[in-house]
Amino acid sequence: MDITEQILALSAYNTPMISDALDAIGVNGLLEGIHALQGHKVIGPAYTVEYQLKEEASGASQHAGDYFDHVPAGSVVVIDNRGNTSCS
């Protein structure tokens with residue numbers, strides 16, 4: 001399968017689904033060093049997300065990106081990740 005076919009095949013899935021699949025097979029595909037924007041203005045209703053340690057997430061989803069499909073158009077995603085910049 002060439003790269004064009006791979007991209008076409010993956011386009012059937014959203015980013016969180018691909019990320020979760022990679023996590024499930026032990027592939028480390030995280031974006032390190034994510035940090036707050038400074039010096040930029042962003043305007044829109046806030047859609048807040050609070051990440052918890054997996055051990056503390058009672059009854060909550062175990063997949064980090066499950067909220068993506070619920071963010072209203074025009075919203076600004078604000079994530080509380082407890083200062084952790086080594087995971088999404």
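Modeller: pLDDT is the predictor's confidence in each residue, from 0 to 100. This is a predicted model, in which local features need pLDDT of at least 70, side-chain atom pairs count only at pLDDT 80 or more, and totals for chains, interfaces and linings use all residues. Residues are numbered from 1 along each chain as its sequence is written, and side-chain values use heavy atoms, with hydrogens and water left out.

Biologist: Where is confidence lowest, and where is it highest?

Modeller: The lowest mean, 80, belongs to helix α2 (residues 15-24), and the highest, 89, to strand β1 (residues 46-50). Helices (H or I, at least four residues) and strands (E, at least two) are DSSP runs, numbered from the N terminus.

Biologist: And what is the mean for the protein?

Modeller: The mean pLDDT is 79, and 78% of the residues reach 70 or more.

Biologist: Turning to helix α1, how many of its residues are buried?

Modeller: The number is zero of the eight in residues 3-10, so helix α1 lies largely in the open. Buried means under 20% relative accessible area, exposed over 50%, and partly exposed in between (1.4 Å probe, protein chains only).

Biologist: How many aromatic pairs does the structure hold?

Modeller: It holds one. Y47 and Y67 are stacked, 6.4 Å centre to centre with 25° between the planes. Rings of Phe, Tyr and Trp (its six-membered ring) pair if their centres lie within 6.5 Å; planes under 30 degrees apart count as stacked, over 60 as edge-to-face and the rest as tilted.

Biologist: Where do the two residues lie in the chain?

Modeller: Y47 is in strand β1 and Y67 in the loop between β1 and β2 (76-80), 20 residues apart.

Biologist: Is Y67 buried or exposed?

Modeller: Y67 is buried, with a relative accessible area of 12%, whereas Y47, at 23%, counts as partly exposed.
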